[in-house]
Amino acid sequence: MSLDSPALAVMTERRARIAERAGRVVEADWFSALAVGAIALNAALLGAETYAGFAREWHTGLKLLEHLLLGAFTVEIALRALAHADRPGDFFRNPWNVFDLAVVLCAFLPFVSENTTILRLLRLARVIRTARFLPQLRVIITAIGKSVPGAVSFLMVGTLLLYMYAMLGWAAFAAEDPEHYGSLGRAALTLFVLMTLDGLGDALYGGLAISPWAVVYYASYVLLSSFLMVNLLIGVVIDSLAQARQLDEDRYAPAGDAAPAAVDEIRDRIAAARAQLEDLEHLLPHVPQQPEAVAKAGHQP
């Protein structure tokens, strides 16, 4: 054992105490209420600054409030970091912690503090932090993030479908209807609008004046783009929402409910071990003793 072990143990215990005290503060209801109030005040200040006369008259007060809010957010993220003093890696495993830390730290960068537009965007990003304290909104935002890969795949398939039908429309209707199908871009724009079913009747009757195959063209396009593709997108979003809800429940579940399956498994193993011990106890009286053991038992006083 190294000589530094006592000092390391003391340091570990100190970190655990700090994390416990900071954790009690961070998990308190009043702390969350103050954080939400600060975010709401930040949003109100952003809205007030859009009124030029009010912003000029109260410029000094608004700047002071902005600095106070930045200090409050800095203290908040520092307390959240201290709550993970005994396990710093867990702090960065939570995406909300990383987002909060980035929003706060960027405000201290020189080029950010000097750029009004970027600073306002960062202050606007603080409003998104409200989702951290509202479970349902947090789940929805997480679901949006998880649906991005599926949405990208959906976008690629939709783009391919739009390209194919735009080329077919250009080949079939360009000569008689150049306003809507005169080029690939015009055809794609026309079909993109038709995806919402807006003006479908006019487009269908106009196509029938050109070719009777317009019914097959528009019917198949509407079936694929407005019904099949949209339902696929809804399915992707619903699946992402279910994953986000499960992830949120696992991440913010109480400590006692963190691993119910593991607890049940341990209890089952303990019950099985007890049953085996009881069986062994019942079998022991029926086990014949060895002659050597009987002789030794007879010579004992």
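Helices (H or I, at least four residues) and strands (E, at least two) are DSSP runs, numbered from the N terminus. By that rule the protein chain has 16 helices and zero strands. This is a predicted model: local features need pLDDT of at least 70, side-chain atom pairs count only at pLDDT 80 or more, and totals for chains, interfaces and linings use all residues. Residues are numbered from 1 along each chain as its sequence is written, and side-chain values use heavy atoms, with hydrogens and water left out.

**Whole chain**

The accessible surface is about 20,500 Å² (Shrake-Rupley method, 1.4 Å probe; for residues, only the protein chains shown count as cover). Carbon and sulfur atoms hold 68% of that surface. Of the 301 residues, 25% count as buried. Buried means under 20% relative accessible area, exposed over 50%, and partly exposed in between (1.4 Å probe, protein chains only). Take contacts (heavy atoms within 4.5 Å) between residues at least 6 apart in sequence. Of these, 66% join residues at least 24 apart.

| Residue | Relative accessibility | Class |
|---|---|---|
| Arginine 80 | 8% | buried |
| Methionine 167 | 32% | partly exposed |
| Leucine 197 | 40% | partly exposed |

Arginine 80 is found in helix H4 (residues 59–82). Leaving aside neighbours within four places in sequence, arginine 80 contacts Val26, Phe31, Phe91, Asn97, Arg132 and Phe133.

Methionine 167 lies in helix H10, which spans residues 148–173. H10 gives the most to the patch, with five residues.

H10 also meets helix H12 (residues 184–194). Their axes come within 8 Å and cross at roughly 115° (lines fitted to C-alpha atoms over the stretch in contact; angles run from 0 to 180 degrees between N-to-C directions). The crossing is right-handed. Leu162, Tyr163, Tyr165, Ala166 and Met167 in H10 meet Leu184, Ala187, Ala188, Leu191 and Phe192 in H12.

Leucine 197 lies in the loop between H12 and helix H13 (200–208). Phi of leucine 197 is near 70°, a positive value in a residue other than glycine. Most residues other than glycine have a negative phi.

Methods:
A crossing is left-handed if the near helix is turned anticlockwise from the far one by less than a right angle, and right-handed if clockwise.
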